[in-house]
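Please look over the structure below.

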Amino acid sequence: MYPIARPYVTIRQLCALLNILKYRAQTVEDFENQFATSVGRAYACAFSGGRVAIQKVFEALEIKNQTVAMPSYTCLVVPYAVELSGNRPLFVEPKVGEFGTTAAALQAVAAISIPTHMFGKVRDQPVLSPNTLVIEDACLAFGSKIAGRAAGTLGDVSIFSFNRSKQLSCFGGGIAVTDRRDIYEKLKVFAQYHATFWDEVAQVFKSFFFWWFYRPSIYSFLKMFGSASANVTDFSLGDCSLDKSYSKSFLKSQAILGLGQLKNADVILAERRRIAAWYDANLRNFSDITIPRLTPDVELSHYWVLLKKPRAIVKERLFKEGIAVGVPNDYSCPLTAHYAANYNPADFSVSSALASSIISLPFYVGLTERAVRQICAKFKQVYESV
Ligand SMILES: Cc1ncc(COP(=O)(O)O)c(C=O)c1O
């Protein structure tokens, strides 16, 4: 059985986490600087998660009691981060047939906005002005572009995540990048430095564990005993909390992994594009589903498929056939328990339809063409049987 996602970390890079000398030689700032350069930004400030980076931007800029426009179809931790900073999310629907809300639609309703490149696609460029603040959520779009400009360079400040399902992963962590020195200096004051030696030890253990857990042979073995969850993404409602595990800081062990990820970034993106192209070749002519349109500007975070048939049945039958599928976001944010009382479901029919019909297929560096062919063959067989 194939995991849905798997960070591309070589055994050598993993073992470097055990080398005490590395912790002396490399710093979180080394990673921040290299990451900023790789995206094309002047400054970067790393945090314990993308969600924390969003929250800290508001706190550092002393923004409170403001309305913040964001897509209704996004990761639930984004509105949570906004709320925790003392502000209010305002959800904006995508248009019918579109995936993700444009920056223009968000900027039309509020001065502060969080345009988000859903699953890697940059829809448009926000307009920056002294009277507005654009926090670009590029968590799903490392390497994506629009009109020659990279995701992560379009907002006043831009956020990336390094959790397990992202293009680049440090088994957790996030970063804010910007060209504005005033924002960077304030953010630096709000950077978290609460990690202890034992936090580093726990993170190294976690990295080894997940590296091992997501090896297809181990993953399949654990599935036989039912010990692995069918969905390996970080998106379930239960996980969408800003809990204690995010109260530390970006760790040195994550910086060491991150420097390795940056070194391999081109290979990782090229390999992911190759795998997406294999999926495309196998699924392009299969009717009754929608798949991503592959363009050179989009670095997919997930290989998503929109189904017309009942997802629960498709998912269950695929699982029986040995194919685990993920569900990236199975909710429209305003209709989740925390917000539902204040919103009318009829106003969020587009995001609800996306949320109820989406699955994601295994998508990570290391998948072979043969594996993709097998996954697609099983998928088609199951889908036709429903
Ligand atoms: C679009 C989007 N924004 C923000 C985040 C938050 O990132 P993190 O999990 O690092 O807090 C995620 C998480 O996956 C995401 O998908």
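This is a predicted model: local features need pLDDT of at least 70, side-chain atom pairs count only at pLDDT 80 or more; totals for chains, interfaces and linings use all residues.

## Ligand shell

For Arg51, an N or O atom of the side chain is 2.5 Å from an oxygen atom of the ligand. For Lys166, the distance from a polar side-chain atom to a ligand oxygen is 2.6 Å. For Asn163, the corresponding distance is 2.9 Å. The ligand taken alone exposes 390 Å², and the protein buries 99% of that.

## Strand 5

Strand 5 spans residues 133-137. It is mostly covered, with 5 of its 5 residues buried. Its side chains split by direction. Leu133, Ile135 and Asp137 point one way. Val134 and Glu136 point the other way. Both sets are buried.

Strand 5 has parallel pairings with strand 4 and strand 8. Strand 4 (residues 112-113) joins strand 5 through 2 bridges, and the two run parallel. There, Ile112 has Leu133 as its bridge partner. Strand 8 (residues 157-161) pairs with strand 5 over 3 bridges, also in the parallel sense. On that side, Ile135 has Val157 as its bridge partner.

## Cysteines

How many disulfides does the count come to? The count is 0. A disulfide is a covalent bond between the sulfur atoms of two cysteines. The cut-off used here is 2.5 Å between the sulfurs.

Cys45 is in no disulfide. The nearest cysteine sulfur to it is that of Cys139, 15 Å away. Why does Cys45 count as buried? Its relative accessibility is 0%, so Cys45 counts as buried, the limit being under 20%.

Cys170 also has Cys139 as the residue with the closest cysteine sulfur. The separation is 13 Å, so the sulfurs are too far apart for a bond. Cys170 has 1% relative accessibility and therefore counts as buried.

How values were computed: Residues are numbered from 1 along each chain as its sequence is written. Side-chain values use heavy atoms; hydrogens and water are left out. Buried means under 20% relative accessible area, exposed over 50%, partly exposed in between (1.4 Å probe, protein chains only). Helices (H or I, at least four residues) and strands (E, at least two) are DSSP runs, numbered from the N terminus. Two strands pair if DSSP finds at least two bridges between them. A polar contact is a pair of N or O atoms within 3.5 Å; within protein, one must be able to donate a hydrogen and the other to accept it, and residues adjacent in sequence count only if both atoms are side-chain atoms. Accessible areas come from the Shrake-Rupley method with a 1.4 Å probe; for residues, only the protein chains shown count as cover.
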